[in-house]
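Here is a note for a colleague who is opening this model for the first time. Please keep the view open while reading the points below.

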Amino acid sequence: MDHLDEPRPILVIGATGKTGSRIARRLAEAGHPVRRGARGSAIPFDWERPETWAAALAGCRAAYVSYFPDLAFPGAAEKIAALTVAARAAGIERLVLLSGRGEHHAERCEEIVRQSGLGFTLLRCAWFAQNFSEGYLHAPVLAGEIALPGGQVREPIVDVEDVAEVAVAALTGEGHDGALYELTGPQLLGFAEAAAALSAALGREIAWRPISLADFHAALLPLGGAMVAEVFTGIARETLDGRNQWLGDGVQRALGRPPRSFAAFARAAAETGAWSDAA
(Lines give C-alpha, C1' and ligand atoms only; values in the text may rest on other atoms or scores of the structure.)
Protein backbone atom coordinates (compact mmCIF):
# COMPACT_ATOMS: atom_id res chain seq x y z
CA MET A 1 0.00 0.00 0.00
CA ASP A 2 1.30 3.46 -0.87
CA HIS A 3 1.47 6.19 1.74
CA LEU A 4 3.73 8.46 -0.22
CA ASP A 5 2.01 11.66 0.97
CA GLU A 6 3.33 11.20 4.50
CA PRO A 7 5.87 13.86 5.55
CA ARG A 8 8.71 11.40 5.91
CA PRO A 9 11.95 11.96 4.04
CA ILE A 10 13.06 10.21 0.88
CA LEU A 11 16.56 8.77 1.06
CA VAL A 12 18.68 9.33 -2.04
CA ILE A 13 21.58 6.86 -1.97
CA GLY A 14 24.38 8.16 -4.15
CA ALA A 15 23.27 11.77 -3.71
CA THR A 16 26.52 13.17 -5.09
CA GLY A 17 26.40 11.12 -8.33
CA LYS A 18 25.05 11.93 -11.79
CA THR A 19 21.55 10.69 -11.07
CA GLY A 20 21.38 11.13 -7.31
CA SER A 21 22.37 14.80 -7.28
CA ARG A 22 19.67 15.61 -9.81
CA ILE A 23 17.05 13.54 -8.02
CA ALA A 24 17.80 15.12 -4.64
CA ARG A 25 17.60 18.61 -6.17
CA ARG A 26 14.33 17.90 -7.97
CA LEU A 27 12.76 16.42 -4.84
CA ALA A 28 13.79 19.40 -2.72
CA GLU A 29 12.55 21.89 -5.32
CA ALA A 30 9.18 20.11 -5.33
CA GLY A 31 8.92 20.44 -1.55
CA HIS A 32 9.65 16.83 -0.60
CA PRO A 33 11.84 16.22 2.46
CA VAL A 34 15.11 14.67 1.27
CA ARG A 35 17.85 12.81 3.08
CA ARG A 36 21.04 12.81 1.04
CA GLY A 37 22.80 9.48 1.37
CA ALA A 38 26.53 9.82 0.78
CA ARG A 39 29.71 9.19 2.73
CA GLY A 40 30.06 12.86 3.63
CA SER A 41 26.40 13.51 4.47
CA ALA A 42 25.18 14.64 7.89
CA ILE A 43 23.71 11.14 8.26
CA PRO A 44 26.24 9.20 6.17
CA PHE A 45 25.55 6.25 3.91
CA ASP A 46 28.55 4.20 2.81
CA TRP A 47 28.21 0.99 0.80
CA GLU A 48 31.46 -0.23 2.34
CA ARG A 49 30.22 0.40 5.90
CA PRO A 50 26.91 -1.43 6.39
CA GLU A 51 26.80 -0.13 9.94
CA THR A 52 25.82 3.26 8.46
CA TRP A 53 22.76 1.95 6.66
CA ALA A 54 20.24 1.72 9.52
CA ALA A 55 20.62 5.34 10.56
CA ALA A 56 20.41 6.56 6.96
CA LEU A 57 17.24 4.54 6.34
CA ALA A 58 15.57 5.31 9.68
CA GLY A 59 12.32 7.23 9.36
CA CYS A 60 12.38 7.37 5.55
CA ARG A 61 9.39 6.40 3.44
CA ALA A 62 11.18 5.54 0.19
CA ALA A 63 14.72 5.26 -1.12
CA TYR A 64 16.48 5.74 -4.42
CA VAL A 65 19.27 3.18 -4.77
CA SER A 66 22.32 3.82 -6.94
CA TYR A 67 25.11 1.34 -6.28
CA PHE A 68 28.67 2.64 -6.54
CA PRO A 69 30.78 1.88 -8.46
CA ASP A 70 28.51 -0.42 -10.51
CA LEU A 71 26.21 -3.41 -10.04
CA ALA A 72 28.72 -5.48 -12.03
CA PHE A 73 31.36 -5.22 -9.28
CA PRO A 74 31.99 -8.24 -7.03
CA GLY A 75 29.78 -8.21 -3.96
CA ALA A 76 27.14 -5.86 -5.36
CA ALA A 77 24.31 -8.39 -5.31
CA GLU A 78 25.06 -9.35 -1.73
CA LYS A 79 25.00 -5.70 -0.67
CA ILE A 80 21.75 -5.03 -2.50
CA ALA A 81 20.23 -8.06 -0.74
CA ALA A 82 21.46 -6.84 2.63
CA LEU A 83 20.12 -3.35 1.91
CA THR A 84 16.63 -4.72 1.20
CA VAL A 85 16.67 -6.45 4.59
CA ALA A 86 17.74 -3.22 6.29
CA ALA A 87 15.11 -1.27 4.34
CA ARG A 88 12.32 -3.62 5.47
CA ALA A 89 13.49 -3.32 9.06
CA ALA A 90 13.44 0.48 8.77
CA GLY A 91 9.88 0.57 7.39
CA ILE A 92 10.80 1.68 3.88
CA GLU A 93 7.81 1.32 1.58
CA ARG A 94 9.43 1.62 -1.83
CA LEU A 95 12.84 1.21 -3.44
CA VAL A 96 13.69 2.73 -6.82
CA LEU A 97 16.72 0.90 -8.21
CA LEU A 98 19.05 2.28 -10.86
CA SER A 99 19.95 -0.58 -13.18
CA GLY A 100 21.66 -1.14 -16.52
CA ARG A 101 20.37 -2.54 -19.81
CA GLY A 102 21.72 -5.85 -21.02
CA GLU A 103 23.83 -6.47 -17.90
CA HIS A 104 23.29 -9.84 -16.25
CA HIS A 105 24.73 -8.59 -12.95
CA ALA A 106 22.22 -5.76 -12.93
CA GLU A 107 19.34 -8.13 -13.73
CA ARG A 108 20.36 -10.30 -10.78
CA CYS A 109 20.11 -7.26 -8.52
CA GLU A 110 16.73 -6.36 -10.03
CA GLU A 111 15.45 -9.81 -9.11
CA ILE A 112 16.67 -9.39 -5.53
CA VAL A 113 14.64 -6.18 -5.26
CA ARG A 114 11.61 -7.85 -6.88
CA GLN A 115 11.69 -10.63 -4.28
CA SER A 116 12.36 -8.31 -1.34
CA GLY A 117 8.74 -7.86 -0.26
CA LEU A 118 9.10 -4.09 -0.68
CA GLY A 119 7.35 -1.86 -3.15
CA PHE A 120 9.73 -1.19 -6.00
CA THR A 121 10.38 0.44 -9.36
CA LEU A 122 13.27 -0.62 -11.60
CA LEU A 123 15.02 1.91 -13.85
CA ARG A 124 16.95 -0.01 -16.51
CA CYS A 125 19.05 2.62 -18.24
CA ALA A 126 20.90 2.95 -21.52
CA TRP A 127 24.25 4.76 -21.80
CA PHE A 128 24.15 8.16 -20.11
CA ALA A 129 24.51 11.18 -22.38
CA GLN A 130 26.22 12.94 -19.46
CA ASN A 131 29.15 10.54 -19.69
CA PHE A 132 30.34 12.93 -22.40
CA SER A 133 29.87 16.12 -20.39
CA GLU A 134 30.70 15.25 -16.79
CA GLY A 135 31.92 11.68 -16.80
CA TYR A 136 34.97 9.84 -18.01
CA LEU A 137 34.51 11.05 -21.59
CA HIS A 138 34.55 14.74 -20.66
CA ALA A 139 38.31 15.09 -21.09
CA PRO A 140 38.36 13.26 -24.45
CA VAL A 141 35.63 15.57 -25.77
CA LEU A 142 37.73 18.54 -24.69
CA ALA A 143 40.69 16.99 -26.50
CA GLY A 144 38.61 16.52 -29.66
CA GLU A 145 38.56 12.73 -29.86
CA ILE A 146 36.60 9.99 -28.15
CA ALA A 147 38.03 6.47 -28.38
CA LEU A 148 35.53 3.72 -27.64
CA PRO A 149 34.93 0.06 -28.50
CA GLY A 150 31.70 -1.16 -30.01
CA GLY A 151 32.33 -0.85 -33.71
CA GLN A 152 29.16 0.08 -35.56
CA VAL A 153 26.85 -0.84 -32.69
CA ARG A 154 24.14 1.76 -32.13
CA GLU A 155 23.10 2.71 -28.61
CA PRO A 156 19.90 4.53 -27.51
CA ILE A 157 21.77 7.02 -25.31
CA VAL A 158 19.58 8.47 -22.52
CA ASP A 159 19.69 11.92 -20.95
CA VAL A 160 20.24 11.69 -17.17
CA GLU A 161 17.71 14.49 -16.70
CA ASP A 162 15.08 12.07 -18.01
CA VAL A 163 16.29 9.37 -15.64
CA ALA A 164 16.06 11.78 -12.71
CA GLU A 165 12.57 12.90 -13.66
CA VAL A 166 11.36 9.30 -13.91
CA ALA A 167 12.96 8.48 -10.55
CA VAL A 168 11.22 11.41 -8.86
CA ALA A 169 7.89 10.32 -10.34
CA ALA A 170 8.44 6.77 -9.07
CA LEU A 171 9.46 7.98 -5.60
CA THR A 172 6.57 10.37 -5.11
CA GLY A 173 3.68 9.39 -7.36
CA GLU A 174 1.15 6.65 -7.88
CA GLY A 175 1.11 3.99 -10.57
CA HIS A 176 4.81 3.08 -10.62
CA ASP A 177 4.92 0.24 -8.09
CA GLY A 178 6.27 -2.96 -9.64
CA ALA A 179 7.18 -1.21 -12.88
CA LEU A 180 10.27 -1.92 -14.95
CA TYR A 181 11.12 1.12 -17.06
CA GLU A 182 13.50 0.70 -19.99
CA LEU A 183 14.94 4.21 -20.14
CA THR A 184 16.47 5.18 -23.49
CA GLY A 185 16.72 8.15 -25.75
CA PRO A 186 14.43 8.52 -28.78
CA GLN A 187 16.88 7.17 -31.36
CA LEU A 188 19.69 4.70 -31.88
CA LEU A 189 23.09 6.34 -32.31
CA GLY A 190 26.45 4.98 -33.31
CA PHE A 191 29.37 6.60 -31.54
CA ALA A 192 30.31 8.31 -34.81
CA GLU A 193 26.84 9.88 -34.88
CA ALA A 194 27.20 10.93 -31.23
CA ALA A 195 30.51 12.56 -32.08
CA ALA A 196 28.86 14.39 -34.98
CA ALA A 197 26.14 15.74 -32.66
CA LEU A 198 28.81 16.92 -30.23
CA SER A 199 30.69 18.56 -33.10
CA ALA A 200 27.56 20.44 -34.17
CA ALA A 201 26.86 21.62 -30.63
CA LEU A 202 30.42 22.74 -29.98
CA GLY A 203 31.17 24.18 -33.39
CA ARG A 204 34.38 22.20 -33.74
CA GLU A 205 35.22 18.66 -34.74
CA ILE A 206 34.91 15.88 -32.20
CA ALA A 207 36.19 12.68 -33.77
CA TRP A 208 35.39 9.10 -32.84
CA ARG A 209 38.14 6.52 -32.99
CA PRO A 210 37.06 2.88 -32.72
CA ILE A 211 39.29 0.80 -30.48
CA SER A 212 39.46 -2.82 -29.43
CA LEU A 213 38.34 -4.06 -26.04
CA ALA A 214 41.99 -4.77 -25.25
CA ASP A 215 42.89 -1.14 -25.94
CA PHE A 216 39.88 0.00 -23.89
CA HIS A 217 41.10 -2.14 -20.98
CA ALA A 218 44.60 -0.71 -21.28
CA ALA A 219 43.27 2.85 -21.26
CA LEU A 220 41.29 2.18 -18.07
CA LEU A 221 44.20 0.70 -16.13
CA PRO A 222 45.83 4.01 -15.15
CA LEU A 223 42.44 5.54 -14.34
CA GLY A 224 41.13 2.95 -11.91
CA GLY A 225 43.46 -0.01 -11.61
CA ALA A 226 43.05 -3.63 -12.63
CA MET A 227 39.69 -4.27 -10.95
CA VAL A 228 37.99 -1.23 -12.50
CA ALA A 229 39.51 -1.96 -15.92
CA GLU A 230 38.37 -5.57 -15.84
CA VAL A 231 34.82 -4.81 -14.71
CA PHE A 232 34.15 -1.98 -17.13
CA THR A 233 35.70 -3.87 -20.02
CA GLY A 234 33.41 -6.75 -19.13
CA ILE A 235 30.41 -4.43 -19.20
CA ALA A 236 31.46 -3.08 -22.61
CA ARG A 237 31.99 -6.61 -23.95
CA GLU A 238 28.55 -7.64 -22.75
CA THR A 239 26.49 -4.58 -23.67
CA LEU A 240 28.14 -3.39 -26.89
CA ASP A 241 27.38 -6.58 -28.78
CA GLY A 242 24.13 -5.29 -30.30
CA ARG A 243 21.74 -6.55 -27.63
CA ASN A 244 20.67 -3.01 -26.71
CA GLN A 245 19.95 -1.83 -30.26
CA TRP A 246 16.28 -1.15 -29.61
CA LEU A 247 14.31 1.70 -28.09
CA GLY A 248 12.61 1.46 -24.72
CA ASP A 249 9.36 3.23 -23.86
CA GLY A 250 10.09 3.87 -20.19
CA VAL A 251 10.24 7.67 -20.35
CA GLN A 252 6.98 7.84 -22.29
CA ARG A 253 5.24 5.40 -19.94
CA ALA A 254 6.44 7.08 -16.76
CA LEU A 255 6.16 10.73 -17.77
CA GLY A 256 3.72 10.81 -20.67
CA ARG A 257 6.22 12.49 -23.00
CA PRO A 258 9.01 11.38 -25.33
CA PRO A 259 12.62 11.31 -24.13
CA ARG A 260 15.08 14.07 -24.91
CA SER A 261 17.38 13.57 -27.88
CA PHE A 262 21.15 13.35 -27.71
CA ALA A 263 21.41 16.40 -29.96
CA ALA A 264 19.25 18.40 -27.55
CA PHE A 265 21.44 17.25 -24.66
CA ALA A 266 24.61 18.29 -26.51
CA ARG A 267 23.24 21.74 -27.36
CA ALA A 268 22.07 22.34 -23.78
CA ALA A 269 25.35 21.13 -22.29
CA ALA A 270 27.35 23.36 -24.62
CA GLU A 271 25.15 26.37 -23.81
CA THR A 272 25.65 25.86 -20.07
CA GLY A 273 29.42 25.63 -20.43
CA ALA A 274 30.00 21.92 -19.92
CA TRP A 275 33.03 22.10 -22.20
CA SER A 276 33.90 25.78 -21.60
CA ASP A 277 37.51 25.01 -20.71
CA ALA A 278 38.15 23.84 -24.27
CA ALA A 279 41.01 25.65 -26.00
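How many aromatic pairs does the structure hold? It holds twelve.

1. **Ground rules.** This is a predicted model, in which local features need pLDDT of at least 70, side-chain atom pairs count only at pLDDT 80 or more, and totals for chains, interfaces and linings use all residues. Residues are numbered from 1 along each chain as its sequence is written, and side-chain values use heavy atoms, with hydrogens and water left out.

2. **A ring pair between distant parts.** Rings of Phe, Tyr and Trp (its six-membered ring) pair if their centres lie within 6.5 Å; planes under 30 degrees apart count as stacked, over 60 as edge-to-face and the rest as tilted. Phe191 and Trp208 have ring centres 6.5 Å apart and planes at 45°, so this pair is tilted. Phe191 sits in helix 7 (residues 191–202) and Trp208 in strand 10 (residues 207–210). They are 17 residues apart, and the pair links distant parts of the chain. Helices (H or I, at least four residues) and strands (E, at least two) are DSSP runs, numbered from the N terminus. Both Phe191 and Trp208 are buried. Buried means under 20% relative accessible area, exposed over 50%, partly exposed in between (1.4 Å probe, protein chains only).

3. Phe262 and Phe265 are buried.

4. **The cluster.** Which residues do ring pairs link into a cluster? They are Trp127, Phe132, Tyr136, Phe191, Trp208, Phe262, Phe265 and Trp275.

5. **Helix 7 against helix 10.** The axes of these helices lie 9 Å apart, at an angle of about 35°. Axes are lines fitted to C-alpha atoms, for helices over the stretch in contact, and angles run from 0 to 180 degrees between N-to-C directions. The crossing is right-handed. A crossing is left-handed if the near helix is turned anticlockwise from the far one by less than a right angle, and right-handed if clockwise. Helix 7 contributes Ala194, Ala197, Leu198, Ala201 and Leu202. Helix 10 contributes Phe262, Ala263, Ala266, Arg267 and Ala270. Contact means heavy atoms within 4.5 Å. By class, there are nine nonpolar residues, no polar and one charged. Ala, Val, Leu, Ile, Met, Phe, Trp, Tyr, Cys and Pro count as nonpolar, Asp, Glu, Lys and Arg as charged, and the others, Gly among them, as polar.

6. **Helix 3 against helix 4.** Helix 3 (residues 76–90) and helix 4 (residues 104–114) have axes that come within 9 Å and cross at roughly 15°. That makes the two roughly parallel. Angles under 35 degrees count as roughly parallel, over 145 as roughly antiparallel, 65 to 115 as roughly perpendicular and the rest as oblique. The crossing is right-handed. Among the residues that meet are Ala76, Ile80 and Thr84 in helix 3 and Cys109, Ile112 and Val113 in helix 4.

7. **Helix 1 against helix 6.** The axes of helix 1 (residues 18–29) and helix 6 come within 9 Å and cross at roughly 55°. The two helices are therefore oblique to each other.

8. His176 lies in the loop between helix 6 (160–172) and strand 8 (179–183). Its relative accessibility is 7%, so His176 counts as buried.
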